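Hi,

Here is the structure I promised to pass on. Please open it and keep it beside this email while you read.

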Amino acid sequence: MNESRLGAPTARRSLLVILPVVTFAVLAGVFFLRLRSGADPAAVPSVMIGKAAPGFQLPPVAELTADGKPVPGLSSEDFKGNVTLLNFYASWCAPCQVEHPMLMRLARESGFRVVGIDYKDTPEAGRRFLARNGVPYAAVGSDTSGRVGIDFGVYGVPESFIIGPDGTIRDKLVGIVTPENYAGVVAKLRAAGQVAAAN
């Protein structure tokens, strides 16, 4: 009887050791298969692709200026007539700091606009972030409550959307724009303009 009592804790301890190892092996296998399949690990399906951008009107980030002029707020009406990269960012977001030089570079390209939404941030912090790093955006909306982000299905920053000149969301970019994926992002933006021209 004493032997059976001693055996139960030993079996439980063995299970506690084996279970994490098995879980890790299963997860590693799933990640390995995804990488081998050629799937883009940053690609996250979005129910918003192919639909009109949600309607919104956001005030500007208070006292934000670029080239000595106030940077306007942002509304969904601003998407009409232009291919647009809409970037959700925040001053508290470390990956946004890393991505910012690529957004400055995108802003110098022709054929599309880069606009931003300062997500769940105070206007003061958003303004300081852009004053320190540069303003790549033609317009910036202040979404302090995060409501517009929710409407777009944003679950973390940075996230960007490619919006066609008809106001339709053409693609969603999760994660940062990097030197490695920069050409692909530009190609997607140009393709959104070509789709619009063909229609």
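A residue counts as exposed when its relative accessible area is over 50%, and as buried when that area is under 20%. Bear in mind that this is a predicted model.

Start with helix 3. On one side, Arg128, Ala131 and Arg132 are exposed. The buried residues of helix 3, which spans residues 123-133, are Ala125, Gly126, Phe129 and Leu130.

What do they pack against? The buried residues of helix 3 meet strand 5 (84-89), helix 2 (94-107), strand 6 (113-119) and strand 7 (140-143). Gly134 follows helix 3, and its phi is positive, near 105 degrees.

Now the salt bridges. The structure has five. Here are three of them:

- Lys172 pairs with Glu159 at 3.3 Å, N to O. Lys172 sits in strand 9 (residues 169-174) and Glu159 in strand 8 (residues 159-163), 13 residues apart. Lys172 is buried at 9% relative accessibility. Glu159 is buried too, at 1%.
- Arg170 pairs with Asp166 at 3.2 Å, N to O. Arg170 is partly exposed at 26%. Asp166 is partly exposed at 43%.
- Lys188 pairs with Asp171 at 3.3 Å, N to O. Lys188 lies in helix 5 (residues 182-198) and Asp171 in strand 9, so this bridge ties together parts 17 residues apart in sequence. Lys188 is partly exposed at 37%. Asp171 has 19% relative accessibility. The cut-off for buried is under 20%, so Asp171 counts as buried.

Best wishes

Methods: Residues numbered from 1 in each chain as written. Predicted model: local features only at pLDDT ≥ 70, side-chain atom pairs only at ≥ 80, totals over all residues. Heavy atoms only, no water. Buried < 20%, exposed > 50% of the residue type's maximum accessible area, 1.4 Å probe, protein only. Helix = DSSP H or I, 4+ residues; strand = E, 2+ residues; numbered from the N terminus. Contact = heavy atoms within 4.5 Å. Salt bridge = Lys/Arg side-chain N within 4 Å of Asp/Glu carboxyl O.
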